[in-house]
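Please examine the sequence and the structure shown below. The explanation that follows leads through selected regions, one after another.

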Amino acid sequence: MHRISTLVLVTAVGVAATVLATGSPAQASTSGNLPLTSWAYLDSHSPKSKFVDQTIPPPIGGSVDSAGAAHTYRSYFTYDLTQLKGTIVHNSYLWTYEDTVVDCTKLTTVEVWRTAPVKDKTTWKNPPAELERLTSTDYGPNGYGCPGYLGINMVPILNAALSRHEKSITVEYRVVAAQEADPRTGRTYDRPTLSFTANHPPVVTDPRLGAPDRPCGTLAKPSPAAASTVFLSTATDADPGEYLTTTYAIWPVEHPDQRREFYGYSSGVDLSQYADGEVLAWQARASDYFDAGPWSKTCYVVMDKVAPKNPPVVTSKVYVSGIGQSGGVGVPGRFRFDAGGDRDVVAFVWRDSIGYSGQVAARHRGGTAAFDFTPKRSGPQSIYVTSIDAVGNRGPEREFRFFVANTAPYATVTVGGIGLPSQVNLTATKPEVTGFGYLIEGSTETRVPAVDGKATGTVTFTAAGYTNVIVRSYVGTKLIGEGKLEISVSDAPLVESAEFNFEHDQLAGATGSFTFRPRNADVAYYEYNFGSGWQRLDPAADHAAVLPWTAVAGWQTLTVRSVTAGGTPSREAYYQFRVIDPVPTAYAPSLETWQRTDAPGLPLTIELSTQLNDVTGYAYRFNGGPEQLVSGDWGVQVTVTPPALGDNTLTFQAIRADGSRSPAGSFTWQPFEGPIITTDPAAGGVINRPTTIKLTSVRPDVKEFRYSFELGEEHTVAAGPDGTATVTFTPDTFAYFLVHAVSVDHAGVASPQREAIIPVRDTRVTVWSQYDDWLPRGGIGSDAVFDLNTQWLPEVVEYRYRLNGGAEQAIAADPAGSTALSVLLDRIGENTLVVTGRTASGELSPETEYRFLVGTAPKVVSQEYPRDTWAGGVGVPGRFDFTGGPAGVASFEWSIGGQSGTVDADEAGHATITWTPTEGGGHQMIVVAHTADGTAGDPTYYYMLVNYT
């Protein structure tokens, strides 16, 4: 028996500890415990008093103190809700544990109430009003354990309090009125904890239109909107780090029942279904991971679907329309765009032939605009100009063709380095050129006269990296052409060699030299490195240095740098070239694997290759046998079979085009001595079926084999007279296992260990499909494709299957892998496909049951416009048949290219429409089936391609 200490209840004083919120972000929501701002209890023995923030465990129910006085207690707890202002609560629990109980054999009903606040005048005779009972829980015999736990889901209670704008909530713990005076019902509790997880819904501000920018509009002054309109708004969230999405709603002002929602896209939302001049209302709201915020204020647009009728007029004084040459590269020209008085035109959009584009505003509605354009290349070019209205509707495009004269000089720059003169070479492209200009971009231009159409000059680069050099042509003082050269500047030395370069393939042993030239005004010496460390080389009087060298076979990288008198190295120059090794090489891939697979008597493939360029074939001998010839250029494969253990040698020569032969190469190896491991069936084991492993010794005088599975216990099996032994076992799991084996001769000498990976194949059939058991897809009448596969190939020759318990059917198994099975769907909701594999001998694999969901999307068929196929043409009508959908289909709703409609279904659930395309290209038809009560099924998206002619 657990008894309450009455002395503690009556005499203890103090302030209750506050439960502090310990919120931490969880996907940017806030979690924690709400602060307990105060707690109090009432005692029937003190009917005109209340006891606040005592240090005792909160009491409820009846008890008798040591003096024999009867007490009845109720406890009240007040929690601060201010930190939840503006949030939605998603998780909340009010929980506590019983601390002491007077009598656990007494069935006691404990209630928790939401009450009015505890006030100054609160007493036993004037208790807080009980507003809402939150829970009623029995403890003791036939109830919960005693002492026990008491927890309440507070989500609806807290959200209701927040909707009433309450700043706190008070809860009362008590024993039910009929029992609370019974002295056996008394108990105390830990102070309850009120946990929460809450989220601030995001809000949107500044709803507006974009591309071009426009206000959201009012009913009296709606903003114009095009068939494709960009909706914008600003979304904010008081919780940091949220991922926000924005949803928009739009409806005709005269038809609020036609409200629809969509996401905003930077490319614009399709409003083509609305008529020109129709006024629409729209709103925006934002959502985070948890909640959708409130809708914004209502904005208004008026549809403007009429584009400017005529293309603009384009003229230029510098660049003349037609094929005659005018202007020049780098020469700016002013173009005039004229809307011809069309008051809808507010701007012009232009683009050129190489991808540059822009927009210029008209000086006034229906007026002109000036546009400066500088060609970046010579030859025929075009500027394409379109008039646009206030919502971005584009009129017809005007192409202005002109021919830019080739007036920029031809120029090259011979880079001297950093701090050294670099020469600029200029050549005129027009005979009338009298002078040139050149400069490092950002510096002052230098002018030089043209002599016979040519000139030279010098520039000095001061830093490494890419630098632009601008070159210009002049007639007198008039600029007629400009060009730009991007120059790479470096202080890395210039490395040259007449003998070793990409144009010459030298053989190993050839001699030659390298010359190092400075690209820095300060060079004390050079350092070079062939990969074995830096070596010093002093320069001659002209600051150049010569390095003699004897060729070493292989790809070579020579790294060179210059060093200043102060010891500062330049950037490194990398000079690469190849030196040919005339001796061919051999490589056997199977000898390089982590587990050797070769053995005497097994064919071995060896790859022969050479670096020589004029090879027509190879001659080779195996173990001193007769010479064999094989044709091929730099690489061929030959196959030999080593007859015995020990050294086996292949010698070979490359045969050149002139009949001469390269020096001979040789390749010697020793076949692996571990026993050969094979299986029956050859493809590996099969789960729960006998598998035979054959061990074959490659060494003479074999007595026995020692083997183990997965490095487990070692076993011994005697060898037969033919040097083989077999082991049969039945694997009970699939995947693969390792077999390790050695052969042992009569003297007890073991061979090296060979390891083999033995696959164990699963007999079950796997099924994969886009149809699954969590998302309904397709509909009745549609064809669903399932990929069938099994590891039990090639033994399995066919698959047998049943759909929804129907008749068994069969399909031949593809021995190469996956088999595609197409079935006609005949049931909405859950479907079951049962598949098993059958071998040629009649064995069956375990059945695989594949469950999937079929939706209520209708089937769409058209002979004139098949799905995903180019067909028909503009003006060619097409018939579209609708079937399927939900049970009891009454009608089909369809839309395509701004057109839409509804067609009734006949008694068989079938309907037909005719649609005639007005333009070629891709079109998507959306079809939804409806029942008589208006219930909509899943949509079908039918994509077709209409021929342009």
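This is a predicted model: local features need pLDDT of at least 70, side-chain atom pairs count only at pLDDT 80 or more; totals for chains, interfaces and linings use all residues.

**Salt bridges, a sheet and a surface patch**

Arg517 has a relative accessibility of 36% and therefore counts as partly exposed. The side chain of Arg517 meets that of Glu496 in a salt bridge, with 3.0 Å from N to O. This pair links distant parts of the chain: Glu496 belongs to strand β37 (residues 494-496) and Arg517 to strand β39 (residues 511-517), and the two residues are 21 residues apart. Glu496 is likewise described as partly exposed, because its relative accessible area is 33%. The classes rest on two cut-offs: a residue is buried under 20% relative accessible area and exposed over 50%, and partly exposed in between.

How many salt bridges does a search of the whole structure find? The search finds 39 salt bridges. Another of these joins the side chains of Arg133 and Glu111, with 3.0 Å from N to O. Here too distant parts of the chain are linked, since Arg133 is in strand β8 (residues 130-139) and Glu111 is in strand β7 (residues 108-115), 22 residues apart. Is Glu111 buried or exposed? With a relative accessible area of 5%, Glu111 is buried, whereas Arg133, at 48% relative accessibility, counts as partly exposed.

Strand β8 also contains Glu130, which forms a salt bridge with Arg174. The closest N and O atoms of Glu130 and Arg174 are 3.0 Å apart. Arg174 lies in strand β10 (residues 168-175), so the pair ties together parts that are 44 residues apart in sequence. Glu130 is partly exposed, with a relative accessible area of 31%, while Arg174 counts as buried because its relative accessibility is 6%. Glu130 and Arg174 also belong to a network of salt bridges, in which they are linked with Arg74 and Glu180.

The next region is a sheet. In which order do the strands of this open sheet of four strands run? The order is β33-β32-β35-β36, and the pairing is antiparallel. Strands β33 (446-449) and β36 are the edge strands, for each of them pairs on one side only. On average, neighbouring strands of this sheet are turned by 20° against each other, direction ignored.

The pairings of β35 can be followed in more detail. Strand β32 (residues 435-440) pairs with strand β35 (residues 465-475) in the antiparallel sense, over six bridges. Two bridge partners illustrate this pairing: Tyr438 has Val471 of β35 as its partner, and Ile440 has Val469 of β35. Strand β35 also pairs with strand β36 (residues 478-489), again in the antiparallel sense, over 11 bridges. In this second pairing, Val471 stands opposite Gly483 of β36.

How many residues lie between β35 and β36 in their hairpin? There are two residues between these strands, and Gly476 in the turn has a positive phi of about 65°.

Where does Ser378 lie? Ser378 is found in the loop between β27 (368-373) and β28 (379-388). Its relative accessibility is 30%, and therefore Ser378 counts as partly exposed. The C-alpha atoms of Ser378 and Asn406 are separated by 5.1 Å, although these residues are 28 residues apart along the chain. When the neighbours within four places in sequence are left aside, Ser378 is in contact with Val329, Val404, Ala405 and Asn406.

Finally, attention turns to the surface. Which residues form a nonpolar patch there? The patch is formed by Tyr93, Trp95, Tyr97 and Tyr149, which together have about 400 Å² of accessible area. Strand β6 (residues 88-101) gives the most to this patch, with three residues. Tyr93 is found in strand β6. This residue is partly exposed, because its relative accessible area is 39%. Residues must have over 30% relative accessible area to be counted in such a patch.

Notes:
Residues are numbered from 1 along each chain as its sequence is written. Side-chain values use heavy atoms; hydrogens and water are left out. Patches are made of residues with over 30% relative accessible area and no salt bridge: like charges are joined within 9 Å, nonpolar side chains (Val, Leu, Ile, Met, Phe, Trp, Tyr) within 5 Å. Accessible areas come from the Shrake-Rupley method with a 1.4 Å probe; for residues, only the protein chains shown count as cover. A salt bridge is a side-chain nitrogen of Lys or Arg within 4 Å of a carboxyl oxygen of Asp or Glu. Buried means under 20% relative accessible area, exposed over 50%, partly exposed in between (1.4 Å probe, protein chains only). Two strands pair if DSSP finds at least two bridges between them. Contact means heavy atoms within 4.5 Å. Axes are lines fitted to C-alpha atoms, for helices over the stretch in contact, and angles run from 0 to 180 degrees between N-to-C directions.
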